Amino acid sequence: MGKRIYSIIICLVLLVSATAIGCSRRGESDGVSSSSEYQETLTQISTVGALLDGVYDGVIPYSDLKEYGDFGIGTFEGLDGEMIALNGDFYQVKADGVAYEVEGSVKTPFACVTFFDVDKEAKLSEGMDYADIQEFIDCLIPTENIFYAIKISGTFSYVKTRSVPRQTKPYPPLVEVTKNQPIFEFNDVKGTIVGFRSPPYVAGGVNIPGFHLHFITEDRNAGGHLLEVQVEEANVCLDYTSKLFMILPGEGSDFYQVDLTEVKRKELEKAEK
Ligand SMILES: [Zn+2]
């Protein structure tokens, strides 16, 4: 009981200063607007469990993935970097830390995309770090049992990201790859954090429970998988997403052979945090 009251007090304190500004509403030139059935859907390619086990072969090309969303995160065939999709533009942050535009023919082994609409927005306080931002968003949301697309735009006094180097077959598991991940640090940088908050019940290997965020600079030159951040001035926009559509790798894929019965939670934490 004590913990619950403590959480409510933290939420009240955080929300007192929350004001609604910044993000454009649906239909207000915030990138591609699709009237398709995927508008309010999180579309996911493969599973995090498969990625942890080294299933890095591409499932669908990015030209097809764009049909399912204009916003999201993911990776590339052979684990060739971190993907950020924003306003319909898709970027690939390779192991050199540079963001490249994604060619439509390139395939993805894992991605999560949606068409971003703003359902909730708020201003973040100066000095908030990654843990503070997670706590703040947890106070904003009405339930942790649905998915949320998260967009945080602004100026950050500090951002720390990582990428991953391209792998060749036989593919090593993700924890082996991330042992030697290149790290990038940014100071006083403008940009956008893109990603999702997933419900706790995806922890069986479907996705990463909680937050999974990537970063792209305003000039779209650099970014990566977000490891740490400190806010100078930024707004957070949330898109409540209660539909999930999954596209799993087809016949002949390593996906058909890999054992996904075991939940590798410790490996997931090591690989993604
Ligand atoms: Zn990531």
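1. Does His-225 count as buried or exposed? His-225 counts as buried, because its relative accessibility is 2%, and buried means under 20%. Keep in mind that this is a predicted model.

2. His-225 also has a metal to hold. The zinc ion has three protein donors: His-212 through NE2, His-214 through NE2 and His-225 through ND1. They lie 2.1 Å from the zinc ion. Along the chain, these donors follow the spacing H-x1-H-x10-H. The pair His-212 and His-225 links distant parts of the chain. His-212 sits in strand 12 (residues 210-217), and His-225 sits in strand 13, 13 residues apart. His-212 has 10% relative accessibility, so His-212 counts as buried too.

3. Now look at strand 13 itself. Strand 13 covers residues 223-241.

4. Strand 10 has another partner. 14 bridges join strand 10 to strand 11 (residues 183-198). This pair also runs antiparallel.

5. Thr-155 shows both pairings at one residue. Its bridge partner in strand 13 is Glu-233. In strand 11, the bridge partner of Thr-155 is Lys-190.

6. Thr-41 lies in strand 1, which spans residues 41-45. Thr-41 counts as buried because its relative accessibility is 5%. What does Thr-41 touch, not counting residues up to four places away in sequence? The contacts are Val-113, Thr-114, Thr-241, Lys-243, Leu-244 and Phe-245.

Methods. Residues are numbered from 1 along each chain as its sequence is written. This is a predicted model: local features need pLDDT of at least 70, side-chain atom pairs count only at pLDDT 80 or more; totals for chains, interfaces and linings use all residues. Side-chain values use heavy atoms; hydrogens and water are left out. Two strands pair if DSSP finds at least two bridges between them. Helices (H or I, at least four residues) and strands (E, at least two) are DSSP runs, numbered from the N terminus. Buried means under 20% relative accessible area, exposed over 50%, partly exposed in between (1.4 Å probe, protein chains only). Contact means heavy atoms within 4.5 Å. Donors are N, O and S atoms within 2.8 Å of the metal (3.2 Å for Na, K and Ca); water is not among the atoms, so sites may look incomplete.
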